[in-house]
Every structure is written in C-alpha cells, then in structure tokens.
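Have the model open beside this text. We will go from the overall fold to single side chains.

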Amino acid sequence: MAKLLYAFSCSIDGFIAGPGGDMSWLTPHLHPDPEVDALIPRIGALLVGRRTYDGDDPHRGGPGEGQAFGGGWEGPQFVLTHRAAAPAPGVTFAGDLASAVSAAKAAAGEKYVNVLGAEVARQCLEAGVLDEVLALPVPVFLGDGVRMFDRPGGGTVELERLRPNWYRVIR
C-alpha cells in the first residue's frame, strides 16, 4: 500500500518558501540531484495543498513551468481545498483530508504519495497518516517565509532516521 511522504527542499533555517509563498529563492539551486532523480519514479500521486497548487513556481520562465518537478513527473494530483476550482486535467479537488488521502493512496498503488505544502503535511501528521519525511536542505538562509513545519503549541514528533535526510514518523 502507498505511503505518504513529505518530501521538500528547504533553506537551512527551515523555510520551504519565502514571504507570500515566493519560490524564486529556489530557482538558482535547481540542478540534477541523484536523490530526487531516484525518488521521482517512486511517486505514484501528489497530495497538494491549495496554496501550493495556486502558488509560485520555481521553474517559472523555464521549460518545466507549471509542471510537477519541472516536468520530471506526471500523474494524478489531489488538491486539498475548501474553495471551488476550475477543472484541470489529472487534478482532483477534495474538500476533506480523509477522502483526499484515501484517493491519493489508491491512485499511487505501491508507490509514494508525495505531500506538497506545509499545512497539508501538518494535517497529515496530526491525523496520523504521514509515514515518512525527506528534507532536502538548500545552502541558503531565507530569514522569513513559509516554514517547512509549523505547529505552535504542538508536541514533539519523533522520527527514525532511515538514511541521510530521510526519516520515518514514529507513531
């Protein structure tokens, strides 16, 4: 059965996006990465937050603009949202986490459901459905923006290291 993986690039100070969701900070750091290249074929579906879906694109102006992983991945996307959205090919909009996770896992089969968006990742963790985390640090301090994980008042979450930068969520 599919596992939910929160895989993300982040600044050394823990931001996945700059202020207002700006992803332009990441553009100069996009280059072939063996770990990402090995992960992409293991992704069967995306579970995406609405702000991430509507957000900035680090591939803007390039050949992969508007495509997952800059065009390196194709497949079903499930967007968690409470706002109406225009239909898009390969994209399913879901109003609640449980149905979005269930549909994404069914679509992914034996592969990963890659979670995109800090808020969706937090919701998955709190619901007990997030299985693994892959943190890909980028050598830059942003100082402000969207944190990779923000849970004010939340308790400690234990992780088991599987290999460098890759962790299993301990429940």
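Start with a term: a residue is buried under 20% relative accessible area, exposed over 50%, and partly exposed in between, using a 1.4 Å probe and protein chains only. Arg122 is buried by that rule, because its relative accessible area is 16%.

Some ground rules come next. This is a predicted model, so local features need pLDDT of at least 70 and side-chain atom pairs count only at pLDDT 80 or more, while totals for chains, interfaces and linings use all residues. Residues are numbered from 1 along each chain as its sequence is written, and side-chain values use heavy atoms, with hydrogens and water left out.

Now the overall fold. The chain holds four helices and 10 strands. Both kinds are DSSP runs numbered from the N terminus: helices are H or I with at least four residues, strands are E with at least two. Read from the N terminus, the order is β-β-α-β-α-β-β-α-β-α-β-β-β-β. The radius of gyration is 15 Å, close to the 16 Å that the globule rule gives for 171 residues, so the chain is as compact as a globular protein of that length. That radius is taken over C-alpha atoms, and the globule rule is 2.2 Å times the number of residues to the power 0.38. Along the principal axes, the C-alpha atoms fill a box of roughly 40 × 35 × 30 Å.

Of the 171 residues, 39% count as buried. The chain exposes about 9100 Å², and carbon and sulfur atoms supply 55% of that. These areas come from the Shrake-Rupley method with a 1.4 Å probe; for residues, only the protein chains shown count as cover. Contacts are heavy atoms within 4.5 Å. Take the contacts with a separation of 6 or more: residues 24 or more positions apart account for 77% of them.

Go back to Arg122 and its helix. Arg122 lies in helix α4, which spans residues 118-127. Ala118, Val120, Ala121, Arg122, Cys124 and Leu125 are the buried residues listed for α4. Just after the helix, Gly128 takes a positive phi of about 80°. Beyond residues up to four places away in sequence, Arg122 touches Phe149, Asp150 and Arg151.

What does Arg122 form with Glu126? The two form a salt bridge, with the closest N and O atoms 2.5 Å apart. The term means a side-chain nitrogen of Lys or Arg within 4 Å of a carboxyl oxygen of Asp or Glu. Arg122 and Glu126 are four residues apart in α4, about one turn of the helix. An α-helix has 3.6 residues a turn, so residues three or four places apart point the same way. Glu126 is partly exposed, at 42% relative accessible area.

The salt-bridge count comes to six. One of them joins Glu132 and Lys3, at 3.3 Å from N to O. Glu132 lies in strand β7 (residues 132-138) and Lys3 in strand β1 (residues 3-11), so this pair ties together parts that are 129 residues apart in sequence. Glu132 is buried, with a relative accessible area of 3%. Lys3 is partly exposed, at 36%. Arg168 and Glu160 form another salt bridge, with the closest N and O atoms 2.9 Å apart. Arg168 is partly exposed at 33% relative accessibility, and Glu160 is partly exposed with a value of 33%.

Turn to the aromatic rings. How many aromatic pairs does a search of the whole structure find? It finds two. Rings of Phe, Tyr and Trp (its six-membered ring) pair if their centres lie within 6.5 Å; planes under 30 degrees apart count as stacked, over 60 as edge-to-face and the rest as tilted. Tyr6 and Phe8 have ring centres 4.4 Å apart and planes at 40°, so the pair is tilted. Tyr6 and Phe8 are both buried.

Tyr112 and Trp166 have ring centres 6.0 Å apart and planes at 50°, so this pair is tilted too. It links distant parts of the chain: Tyr112 is in strand β6 (residues 112-116) and Trp166 in strand β10 (residues 166-169), 54 residues apart. Tyr112 is buried, with a relative accessible area of 9%. Trp166 is buried at 2%.

Finally, look at Arg163. Its charged end sits over the ring of Trp166, 4.1 Å from the centre. The rule asks for NZ of Lys or CZ of Arg within 6 Å of the ring centre and within 35 degrees of the ring normal.
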